[in-house]
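This report examines one protein structure through its charged pairs, its strand pairing and its nonpolar packing. The structure is shown first, and the account follows.

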Amino acid sequence: MKYDRLRHDMVEKQIEARGIADPDVLKAMRKVPRHLFVSEALMDQAYSDYPLPIGEQQTISQPFIVAEMTQALQLSPGDRVLEIGTGSGYQAAILAQIAFRVYTIERIHSLYVRARKLFDQLGYHTIVTRYSDGTSGWKDESPFDAIIVTAGAPEVPQYLVNQLAVGGRMVIPVGDQYAQDLIKLVRDEKGLHQTNLGGCRFVKLVGEHGWSDQ
Ligand code: SAH
């Protein structure tokens, strides 16, 4: 009950008030119990306006950025979505409220295992998980209608772009280790169209086509 109230407040004051208007996104954010995606000690802060640590030096993104990225993907109910960077699993759970199927990849084993368990407990059966380096995408399941990268990349990995369907949308933070721009790419018959949605700050995308492990 307490968390329901906090969650509705979060959507009203942090998400709607800042211009997110897609009804599917607002509905998803009102529904998914974000407090279950953080450790017990942080549950009371789960609906606050900032990212939180999830262990392994990684973070669950600020609620607004989750909403902004989800809206930018312009999801339809039939869409198949690829997420790189499962982390807590919260973003994947939001995507799964709207899309047909979510394929999510995590490179840190303990986070992968924890998210998988949580998806099973909460009955999110349309989320398919994988433990690997996501910078090469998920070729066997491509092409995807939408691709979301929830870690900051030095550049847009071409491997991922190649797995985007015609008509597909991709969002990815691109920049250095300290600050990035949220880039949206749309593929149509003519090629790729890029827009910049503004500044953001994510942990590093580490992998063969991302940052090195140092
Ligand atoms: N979407 C997550 C955000 C997690 S932070 C959430 O809702 O909680 C980013 C995550 O990306 C981290 O868990 C990190 O380990 C993961 N990551 C970084 N590089 C990766 C790569 N190459 N492949 C898969 N996951 C990666």
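## Salt bridges

Asp79 and Arg169 join their side chains in a salt bridge, with 2.8 Å from N to O; the term denotes a side-chain nitrogen of Lys or Arg within 4 Å of a carboxyl oxygen of Asp or Glu. Asp79 belongs to the loop between H3 and E3 and Arg169 to strand E7, so this pair ties together parts 90 residues apart in sequence. Helices (H or I, at least four residues) and strands (E, at least two) are DSSP runs, numbered from the N terminus. Both Asp79 and Arg169 are buried, where buried means under 20% relative accessible area, exposed over 50%, and partly exposed in between (1.4 Å probe, protein chains only).

The whole structure contains nine salt bridges. In one of them, Lys2 pairs with Asp44, the closest N and O atoms lying 2.9 Å apart. This pair links distant parts of the chain, 42 residues apart: Lys2 is in helix H1 and Asp44 in the loop between H2 and E1. Lys2 is partly exposed, at 42% relative accessible area. Another salt bridge joins Arg116 and Asp120 (2.8 Å, N to O), both in helix H5 and four residues apart, about one turn of the helix.

## Basis of the model

The model is predicted: local features require pLDDT of at least 70, side-chain atom pairs count only at pLDDT 80 or more, and totals for chains, interfaces and linings use all residues. Residues are numbered from 1 along each chain as its sequence is written, and side-chain values use heavy atoms, with hydrogens and water left out.

## Strand E6 and its partners

Five of the six residues of E6 are buried. E6 pairs in the parallel sense with strand E3 (residues 80–84) over four bridges; pairing requires at least two DSSP bridges between two strands. Within this pairing, Val149 of E6 is the bridge partner of Ile84.

E6 also pairs with strand E7 (residues 164–175), in the parallel sense and over four bridges. Here Ala146 stands opposite Arg169, the residue that forms the salt bridge with Asp79.

## Nonpolar cores

The largest nonpolar core has 50 residues, of which Ile15, Met29, Phe37, Leu75 and Tyr90 touch the most other members. Such a core is a set of buried Ala, Val, Leu, Ile, Met, Phe, Trp, Tyr and Cys residues joined through side-chain atoms within 4.5 Å. H4 supplies the largest share of this core, seven residues.
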